[in-house]
Amino acid sequence: MSETLTIIDNRTGKKFDIPIENESIRATDLRQIKVKEEEFGMLCYDPAFMNTASVKSRITYIDGDRGILEYRGYPIELLAEKSTSFLEVAYLLINGALPTPAQLDQWRSDIKRHTFVHENIKKLMAGFRHDANPMGMFISMIAALSTFYPDAKEIMDAPKRMKQIHRLIGKVTTIAAFAYTHSKGMPYVYPSDDLSYAGNFLTMMFKIGESKYRVNPVLEHALTVLFILHADHEQNCSTNTMRSIGSSHIDPYSAVAGAAAALWGPLHGGANEAVLRMLDEIGTVRNIPTVIKDVKEGRRKLMGFGHRVYKNYDPRAKVIKTLADEVFEVTGKNMKLEIALELERIALEDEYFVKRKLYPNVDFYSGLIYEAMGFPLDFFPVLFAIPRTAGWLAHWQEHILDPEQKIARPRQLYVGERGRSWVPLDKR
Ligand code: SDX
């Protein structure tokens, strides 16, 4: 038995043996299949990349049928339980191994040294209306950072590249907190480098005017775990965007801004906000049957349900669900949890959802925790983008260093008109 695919082109009777590697074939090996010599050759047509691997990666492994998620080979449940710091997991994603104590200390110091933003960022922020969407502000400010660090374009200079990675992981929390503070019309709270990554972020968010503010350790731990769970998810829409933008060899600030824009979509990282708006709209458990009917009749989607890869329970949703109890102990129970739990119970029994393998995903429960912690709904996508910046940067670095990669430029199947004659305006 040979590791090949034999394809017979019934138009010509020709036979082709296509090599199989990693349970896949190279799409370019199909180019030889043609009727006339002058033809371009056979293409794969795969809208939304439903069955296309565009990269080889060593960062994150997902088995959607078994609900398995691993960062650099470590199960997500283990990292959520054992790791006490988001920066430890960010180090793992970027560098490929868990850090030694000395490496973690250096990594923390490198990143904490870069949590401050140039004072002009505040002037740029001031240009936004008071009710500007914080994700729009976040994306704009990340892109603006590229104008402060011209050396970021030297992406093949390893030390300079790593410095931008430190800067981005450090500054995304500050920019996020500044966007929130701007919307409140309150003074900015500067980063404190003696706090954990999540603790510093919560302080910049909620210390406003409270000199005795201390982060609640339960909430600090919960946000650390949420950041760990959201840090990466292999070739999702925003990571694919990061790799595609990065393939043109632009600086990482511009690429992260583009990836964050992709994440903002309600089908992707914007779903956590959409779930809460859906629960608000449902209002009471009694209204659930009507919502389920609307979903089954195709009038709406059940936000926070379904996934392109997971055809089983999203392992992150399981961890988040248990985390919710911890947080509600401190914040008081979010009354929408009852609606969410009943919605899940009904959906998991209903043939429509079972047949389509629609389970709660990472976004279904996370918003309940964020709301209970005091974050406004429109801030939820920003909470997703903060940790995912580490994942985007890990994939960006892997992509630009991959000798097989070139600038991303897919082909198309042209189905439009050809060779049309010009008709003067007065004759149309
Ligand atoms: C994230 O890719 C990642 O890894 C993303 C992410 C990450 O960490 O980066 O995990 C984060 O984005 C999680 C997903 C958050 N989005 C939502 O919760 C929005 C609601 N979910 C859907 O829009 C949908 O499930 C997607 C977008 C997540 C996945 O859609 P697919 O894979 O393109 O599947 P599909 O739309 O083709 O659906 C297949 C069938 C369809 O029914 P039929 O046409 O076969 O009758 O399932 C139905 C869909 O209508 N369906 C849903 C549904 N999701 C899919 N029906 C009702 N409610 C839903 N949520």
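A: Happy to. A residue counts as buried when its relative accessible area is under 20%, as exposed when over 50%, and as partly exposed in between. Cys44 therefore counts as partly exposed, as its relative accessibility is 48%. Please keep in mind that this is a predicted model.

First, some orientation. The chain is divided into domain 1, residues 1-45, and domain 2, residues 48-402. Between the C-alpha centres of domain 1 and domain 2 there is a distance of 41 Å. Asp46 sits in the loop between β2 (14-19) and β3 (60-63).

Let us begin with Asp46. This residue is buried but has no salt bridge. The nearest side chain of opposite charge belongs to Arg308, 7.7 Å away, and a salt bridge needs the nitrogen and the carboxyl oxygen within 4 Å. What Asp46 does have is a polar contact of 2.4 Å between its side chain and that of Thr52. Leaving aside residues up to four places away in sequence, Asp46 touches Asn51 and Thr52.

Lys56 and Glu21 join their side chains in a salt bridge, with N to O at 2.9 Å. Both Lys56 and Glu21 lie in the loop between β2 and β3, yet they are 35 residues apart. Lys56 is partly exposed because its relative accessible area is 40%, and Glu21 is partly exposed too, at 37%.

Arg26 is in the loop between β2 and β3, whereas Glu404 is in the segment after α17 (380-400), so the pair spans 378 residues. Arg26 has a relative accessible area of 39%, which means that it is partly exposed; Glu404, at 42%, is partly exposed as well.

For a pair elsewhere, look at Glu281 and Arg300, whose side chains meet in a salt bridge of 2.9 Å, N to O. Glu281 belongs to helix α11 (residues 271-282), while Arg300 is in the loop between α12 (288-296) and α13 (315-331), 19 residues apart. Glu281 counts as exposed, because its relative accessibility is 53%.

Across the model, the count comes to 27 salt bridges and zero disulfides.

Definitions and conventions: Residues are numbered from 1 along each chain as its sequence is written. This is a predicted model: local features need pLDDT of at least 70, side-chain atom pairs count only at pLDDT 80 or more; totals for chains, interfaces and linings use all residues. Side-chain values use heavy atoms; hydrogens and water are left out. Domain bounds come from an automatic or database domain assignment. Helices (H or I, at least four residues) and strands (E, at least two) are DSSP runs, numbered from the N terminus. Buried means under 20% relative accessible area, exposed over 50%, partly exposed in between (1.4 Å probe, protein chains only). Lys and Arg count as positive and Asp and Glu as negative; His and the chain ends are not counted. A polar contact is a pair of N or O atoms within 3.5 Å; within protein, one must be able to donate a hydrogen and the other to accept it, and residues adjacent in sequence count only if both atoms are side-chain atoms. Contact means heavy atoms within 4.5 Å. A disulfide is a pair of cysteine sulfur atoms within 2.5 Å.
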